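Hi everyone, thanks for coming along. Let's look at the structure together, and then I'll walk you through a few parts of it.

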Amino acid sequence: MVSPSYGARDTPLRPAEPFEKFSPPLANGERAAEPGPPFPLRLPSKAVLFGSAPLEEQPKNIDPLLLELVNTKVVERGPPVQWSDIAGQVSVKAAIEEELLWPILRPGSYSSASHPLRTLLLFGPRGTGKTLLSRCISTQLGSTLLRLSGTMLLSTWKAGAEKILQTVFFVANCRQPSVVLITEAESLLAARVGEDGGQVSSLKSQLLSYLDNVATSSEHNVVVIGTTARPSSMDEASHRRFGTRLYIAPPDGEARRHILRQALAQQSCCLSERELAALAQRTESFSGAELLRLCQHAGAAARRALPGPPTSYQDLEKAFCKVRPAVSQKELDLFLEWDKMYGTRH
Ligand code: ADP
């Protein structure tokens, strides 16, 4: 790989700019509702989401300790994420806006849709921004975000997994608009079940019935997003339950440049635009998270040297020994194949 020359005419790296402009789903001047007040909140008046049991009966089944647990460990209180915080993914952002956000934020204009979209599967390699996109969706909706990991549900919370899932959907329903984000969704919706087959299949049918309820109760604003880096380990009936399935690929060259620029602008750095472009070229198939790690390694190495010079191109070159993309080209091809077969075209 050719390293760039350090020509004096190179433009120095400019301070961070937001990623490419993306028009918000609300008209100028309008703002999405603020995230809801803390739990407990209004209860919906109708029976929904919990099979056929009327909602008024639900509180009896909900353990206050689990409510507390969900409220402290599952309800996210992170900073808002805007479209401009996410580099690239232009067609994915457009699909999310048109298919998911606008019909919710402008219900009057979309009354013809029989079942507005409420369930979304984001699949792709780790670190490509699936969680970031989900947080952005929640911000755009001004919703409460409840986030839980499928593997954590099956390990740490194993004994109480079904009750926790029930409580999560109960809280989501009470705090509408809400987004339930299930990361590593394939562990709950696996095609083949291992040792704990019994528990996994009952959690799976529980989750599938919540997905069905959310998808069909269009008057309720609960959105479920599943994310997975292993879509092929889900069975077809499960992944087809998600109304839209979007491939979140590693960032393209332009997006990598944006991510690198943003990350390096956080540290003292002496890269020129030309070097930045070369770096973006060298990092094909790196995820966003891996690009950040590359910059962190380079920055840490620069700080160790005395008298702590700014991060240079050479520091970044050295960091390539430590940070490599986790997915191979072959694995990326498999994602593309899966996308061709099951992804939602947009
Ligand atoms: P995933 O859920 O796909 O495993 P995350 O959303 O957790 O990945 O991404 C990890 C981090 O990587 C994010 O918090 C963000 O800092 C960075 N990142 C990933 N993709 C992007 C992107 N397209 N634009 C900006 N930052 C990104």
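Let's begin at the ligand: helices α4 (130-141), α9 (253-265) and α11 (288-304) each supply at least two residues of the shell around it. A word on the source: this is a predicted model, where local features need pLDDT of at least 70, side-chain atom pairs count only at pLDDT 80 or more, and totals for chains, interfaces and linings use all residues. Residues are numbered from 1 along each chain as its sequence is written. Helices (H or I, at least four residues) and strands (E, at least two) are DSSP runs, numbered from the N terminus.

How many residues surround the ligand? There are 18, and the closest are G129, K130, T131, L132 and G288; a residue counts as near if its C-beta atom, placed from the backbone, lies within 6 Å. By class, the shell has eight nonpolar, eight polar and two charged residues. Here Ala, Val, Leu, Ile, Met, Phe, Trp, Tyr, Cys and Pro are nonpolar, Asp, Glu, Lys and Arg are charged, and the others, Gly among them, are polar.

Staying with α9, its partner is helix α10 (residues 273-282): the two pack at an angle of about 120°, with axes 9 Å apart. Axes are lines fitted to C-alpha atoms, for helices over the stretch in contact, and angles run from 0 to 180 degrees between N-to-C directions. That makes α9 oblique to α10, the label left over when an angle is not under 35 degrees (roughly parallel), over 145 (roughly antiparallel) or 65 to 115 (roughly perpendicular). On the α9 side, the contact is made by G253, R256, R257, L260 and R261, and on the α10 side by L276, A277, L279, A280 and Q281; contact requires C-beta atoms, placed from the backbone, within 7 Å. These residues divide into five nonpolar, two polar and three charged.

Next pair, please: helix α2 (residues 64-74) packs on helix α6 (residues 161-174) at about 70°, with the axes 9 Å apart. That makes α2 roughly perpendicular to α6. This contact has seven nonpolar, two polar and one charged residues.

Last, the sheet. Five strands form an open, parallel sheet in the order β2-β3-β4-β1-β5, with pairing meaning at least two DSSP bridges between two strands.

Terms used
Contact = placed C-beta atoms within 7 Å.
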